Amino acid sequence: MKISQIDFGSFLTYSPYGETDIEKRSRTARTNLKRDEHINIGSEQPLMSDYLAELIKKRLDTLPFASFFNENSILIPAPSSSLLQPNSIWVPELLANALVKVGLGKDSKSCLQRAYAVAKSSKVSSENRPKVIDHYNSMVVQKILDEPEEILVIDDIETRGS
């Protein structure tokens, strides 16, 4: 596969430090996502990953990254900075599966793996944060049987650092 273009988008943001009601709620939403907890939405209690997939589908025509999703896209969960432990929650995989379930992709393939851990950006000083090349070098790709026309890498929380 030859990569011709890389675009990105983000659906939600959160405030790590703010004290307003909306900033506090943004941290609650982040925590609910990281734990993939059931949330109270009226009379329903969907998992956060399922709720976000439904919300993205519902609002897709208003989102600047609507073109990212199509019926031929293979959704690939982004690996975390650490190595995946057995029986742990892998939120990007849950999100990718939920997005496929609501029709925003052809399939989800967990083919991008972390070969060795890198420092978690939110836990280290800016000068010690891993660079893009560090992330790139720490990953391996497991071959998918069919070469996809288009891939969409799904992650949960963007860390911008300072």
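The expected span of a helix is 1.5 Å times one less than its number of residues. In this predicted model, helix H2 covers residues 48-59, and its 12 residues should span 16 Å. The end C-alpha atoms of H2 are 16 Å apart, which agrees with that expectation.

The buried residues of H2 are Met48, Ser49, Leu52, Ala53, Leu55 and Ile56. Viewed down the axis of H2, these residues fall within an arc of 165°, so they line one face of the helix. Helix H1 (21-35) and H3 are among the elements that cover them.

In soluble globular proteins, nonpolar side chains tend to be buried together. The largest nonpolar core here has 22 residues, of which Leu33, Ile56, Phe69, Leu99, Leu104 and Ile154 touch the most other members. At least two residues of this core come from each of H2, H3 and strand E5 (150-154). H3 gives the largest share, five residues. A second, separate core has five residues, including Ile74, Ile76, Cys111 and Leu112.

Ser81 lies in the loop between strand E1 (73-77) and helix H3 (91-101). Ser81 has a relative accessible area of 17%; buried means under 20%, so Ser81 counts as buried.

Notes. Residues numbered from 1 in each chain as written. Predicted model: local features only at pLDDT ≥ 70, side-chain atom pairs only at ≥ 80, totals over all residues. Heavy atoms only, no water. Helix = DSSP H or I, 4+ residues; strand = E, 2+ residues; numbered from the N terminus. Buried < 20%, exposed > 50% of the residue type's maximum accessible area, 1.4 Å probe, protein only. Arc of directions from axis to C-beta. Contact = heavy atoms within 4.5 Å. Core = buried A, V, L, I, M, F, W, Y, C linked by side-chain atoms within 4.5 Å.
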